[in-house]
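Welcome, and please open the structure in your viewer. We will walk through it stop by stop, selecting a few residues at a time.

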Amino acid sequence: MSTRLAHRNRVVFTVVEYNPPPSGRRPNRLKPLWGHFPVFAALSFVWLQGIVFSQTAARGKARPTTGKEIFLATCAGCHGPDGKGMPKETLGFEPPKTFPDFTDCSSTTREPDEDWKAIIHYGGPARGFSEIMPSFTELLTNEEIAKVVEHLRSFCAERAWPRGELNLPRALVTEKAFPEDEAVVQTNIATKSGYGASNLLVYERRFGLGNQFEVDVPFEYSHEPGHAWLGGIGDVTLGYKRLVAGSVHTGSIFSVSGEATLPTGNRARGFGTGSTVFEGFGAFGQMLPRHSFVQFQSGVEVPVRNDVAKAVFARTALGTTLTQGHLGRLWTPMIEFVADRDLATGEKTNWDVVPEIQVTLSKRQHIRANFGVSIPANNTATRSPQVMFYLLWDWFDGGLREGWR
Ligand code: HEC
C-alpha cells in the first residue's frame, strides 16, 4: 500500500477513537507474537487499523458487532455515516467520479453483493477501482463483511429496485429480463457460402426503476458463390422493455417488451423483410443453486404487410458461472435451445442448439465476450450453422478503457 494511501486511510480514524500505541511500547497483548515475528516492525497500515480495532475492545469498549457499528467504525470516515460520502473538505482526497453514494438506489442496486464483498476484501483495485478504497481482509472477518454489506443495502430505501444478482449473463440469442445499460456488437457468420453474415449493434439504456430503451442496427453482408460480397444496413429495431417483477429472495425476474422493426434494409438483397414488424415478448430469468440459471424468452412477430408471415418463437438459455480463483474472472458456459416458426401453411418449426461460453475481460467485469455456434437441429437443407460472437460493454460501470487494472 502506498504511503499516500496510508495517509489517506488515517482519515478514517478521525471519527473513530484513534489512539495509536506510543512508539517503542507495544500493547501487552501483542508481546508473545512480537517475539516470533520481528517483521511486525514494518506494520502495514491495514494491520495498524487492526490494532486500533482490537484496542478499542481491550479498553472495555466492545468490538463493533452489528453491520451498522462496523460501518460507523471503519467506513464512515470516507463513506459518511449516512452512506452518501463525506464532504470533499473532510475527505482529504479527491473522490473518484465513481465514488459511491450508497443512498442512490439506481447505481447501488445493480451491484451484486459478491462484487461489493470482493472490493471490501481486496480493496478497490480488485474490481478495477481506485486504491483509495482499502482492503479489509486483515481487519474484518467474512462474517463481518457480510454484515456490513447488509448495512450498505439498508441505505437504498426503495425496495422495488431490481438487484444486480438478477442480471444474469447475456446469451447470444435469448434476451434477458433485466433492464440494462449496455452496448453490444454481435457478429453472426454463416459457415456455408451463400448464406451471408451480419454485424449487429445493440444499444440499451435503462431509465427509472425498471424501464429500458433499445436500438438495434444491423449491417448485413451477403455472398453468392462466384460473386463479390455485398453489404448494407439491415432492418433497424426500436424497443422498450418493462420490468414486471424481480426478487433476489426467490431469484426470479420477469419483464415484457415491445419492439418495432423498420424496413430500412434492402429487401431485394435479402437485407430486410420489406415490412415494419411489431414484436412482443416476455422474458423470464431464474437463478439456480451454485451460480447456475435458466432464462426463457417467448414472443410473437406481427408484420404490417400481409405477404410477410407472422411468426412465433421460444428460446431457453441454461448456464452456470464459474469463478477463476477467489472472486476473479467469470466463465459462463451456456447452452440455448431456440425454436421459431412462421405461421404459414406448410411451415415447420426450426430448432437450433447454441453451445457458447461467455467470459469477463476487464477486471471490473463490465467488458465481456461470448463465443458460440448456432447449430440447426432440423430443416438443415435451407439453414446453415452460424458462428456467433459478441463484445459487450456495460457502460454504466465505466469507460471502455477503465477498470482493466
Ligand atoms: C480511505 C477511505 C475509504 C474507507 C475507509 C472505505 N472506503 Fe469504500 N471506497 C472508497 C472510495 C474512494 C471508493 C470509490 C472507488 C472508486 O470508485 O474508484 C470506495 C468504494 C467502495 C465500494 C464500491 C461501491 C461501488 O461503486 O459499487 C464499496 C462497496 C465500499 N467502498 C465499501 C466500503 C466499506 C464497507 C468500508 C468499510 C469496511 C469502506 N468502503 C471503507 C473509500 C473508502
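## Around the ligand

Start by selecting the ligand: 26 residues surround it, and the closest are C75, C78, T98, S130 and M133. A residue is counted here if its C-beta atom, placed from the backbone, lies within 6 Å of the molecule. Before going on, note that this is a predicted model, in which local features need pLDDT of at least 70, side-chain atom pairs count only at pLDDT 80 or more, and totals for chains, interfaces and linings use all residues. Residues are numbered from 1 along each chain as its sequence is written.

Now colour the elements that give two or more residues to this shell: α1 (3-9), α5 (76-79) and α8 (113-122). Helices (H or I, at least four residues) and strands (E, at least two) are DSSP runs, numbered from the N terminus. By residue type, the shell holds 17 nonpolar, seven polar and two charged residues. Here Ala, Val, Leu, Ile, Met, Phe, Trp, Tyr, Cys and Pro count as nonpolar, Asp, Glu, Lys and Arg as charged, and the others, Gly among them, as polar.

Next, select residues 182-190, strand β1, and residues 197-207, strand β2: the two run antiparallel and are joined by eight bridges. Strands pair if DSSP finds at least two bridges between them. Look for V185, which stands opposite L201 in β2.

P218 in β3 is the bridge partner of L200. Between β2 and β3, a hairpin has three residues, and G208 in the turn shows a positive phi of about 65°.

## Two loop residues

Which residue has a positive phi of about 70° although it is not a glycine? Select Q365, in the loop between β12 (350-360) and β13 (367-376). Q365 counts as buried because it has 20 C-beta neighbours inside 10 Å; the cut-offs are 20 or more other C-beta atoms within 10 Å for buried, 12 or fewer for exposed, and in between for partly exposed, with C-beta atoms placed from the backbone.

Finish at N379, in the loop between β13 and β14 (386-393). Its phi is also positive, near 45°, and N379 counts as partly exposed because it has 13 C-beta neighbours inside 10 Å.
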